[in-house]
Amino acid sequence: MRPLTEEETRVMFEKIAKYIGENLQLLVDRPDGTYCFRLHNDRVYYVSEKIMKLAANISGDKLVSLGTCFGKFTKTHKFRLHITALDYLAPYAKYKVWIKPGAEQSFLYGNHVLKSGLGRITENTSQYQGVVVYSMADIPLGFGVAAKSTQTAKSRTPLAMWLFNQADVGE
């Protein structure tokens, strides 16, 4: 378990900022304590400083997990966000998509979302923008990338691809 390097921090924050924007500061400076990111076995964990200090007494090879896994670094040093980060990203999401009940199951099976499956969209969502996906009952289901902007989505056919699935709670 070690702190992230500057390069790792930059790559991870760029990925997270794609979904929550400038609300990234709220993730680190929380009113209930100080939280930080730690790297262990190529996985990034979000953990409170209090628990991190307690875990320092355990040797690295015996430590399995620590806090909440936010994602992992691939061999090419790209950051992949895990679905376990959804509970922390959803309240701060800048762009949101609500999908219809008929499209929920398809999304949870790992499929992309067509325009016909969209219920509501946050205005001014740009193309390839990271979005958090909700059910119509405001339950976070996962996150993805918008294939089209909201301006171009209005003129598309119902069978046009609108959202690329990145991760969902069905995993």
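The model is a predicted one. An open sheet of six strands is built with mixed pairing, and helix H1 (residues 6-20) packs on that sheet. The largest nonpolar core has 29 residues and draws at least three residues from each of domain 1 (2-88) and domain 2 (95-168).

**The six-stranded sheet**

- The strand order in this open sheet is S8-S12-S11-S10-S7-S9, and the pairing is mixed. Strand S8 (113-114) and strand S9 (118-121) stand at the edges, and because each has a single partner strand, one side of each is left without a neighbour in the sheet.
- Within the sheet, strand S11 (residues 140-146) is paired with strand S12 (residues 161-168) in the antiparallel sense over five bridges, and glycine 142 stands opposite aspartate 168 in S12.
- Helix H1, packing on the sheet, touches strand S10 (130-135), S11 and S12, and the direction of the helix makes about 105° with that of S11.

**Strand S5 and its partners**

- Strand S5 is joined by four bridges to strand S4 (residues 43-48), the two running antiparallel, and tyrosine 45 stands opposite cysteine 69 in S5.
- S5 is also joined by three bridges to strand S6 (residues 79-81), again with an antiparallel run; here phenylalanine 73 has phenylalanine 79 in S6 as its bridge partner.
- S5 and S6 form a hairpin with five residues between them, and in the turn histidine 77 has a positive phi of about 65°.
- Five of the six residues of S5 are buried, so the strand is largely enclosed by the rest of the structure.

**Nonpolar cores**

- In the core of 29 residues, those with the most contacts inside it are Ile16, Phe37, Phe70 and Leu81. The largest share of this core, five residues, comes from H1.
- Isoleucine 16, leaving aside its neighbours within four places in sequence, is in contact with Gly21, Leu24, Leu27, Phe37, Phe70, Leu81 and Leu89.
- As a general background, nonpolar side chains in soluble globular proteins tend to be buried together.

**Isoleucine 58**

- Isoleucine 58 is placed in the loop between helix H3 (49-55) and strand S5 (68-73). Because its relative accessible area is 44%, isoleucine 58 is partly exposed.
- Isoleucine 58 and tyrosine 92 are 34 residues apart along the chain, and their C-alpha atoms are separated by 33 Å.

Methods
Residues are numbered from 1 along each chain as its sequence is written. This is a predicted model: local features need pLDDT of at least 70, side-chain atom pairs count only at pLDDT 80 or more; totals for chains, interfaces and linings use all residues. Side-chain values use heavy atoms; hydrogens and water are left out. Buried means under 20% relative accessible area, exposed over 50%, partly exposed in between (1.4 Å probe, protein chains only). Two strands pair if DSSP finds at least two bridges between them. Contact means heavy atoms within 4.5 Å. Axes are lines fitted to C-alpha atoms, for helices over the stretch in contact, and angles run from 0 to 180 degrees between N-to-C directions. A nonpolar core is a set of buried Ala, Val, Leu, Ile, Met, Phe, Trp, Tyr and Cys residues joined through side-chain atoms within 4.5 Å. Domain bounds come from an automatic or database domain assignment.
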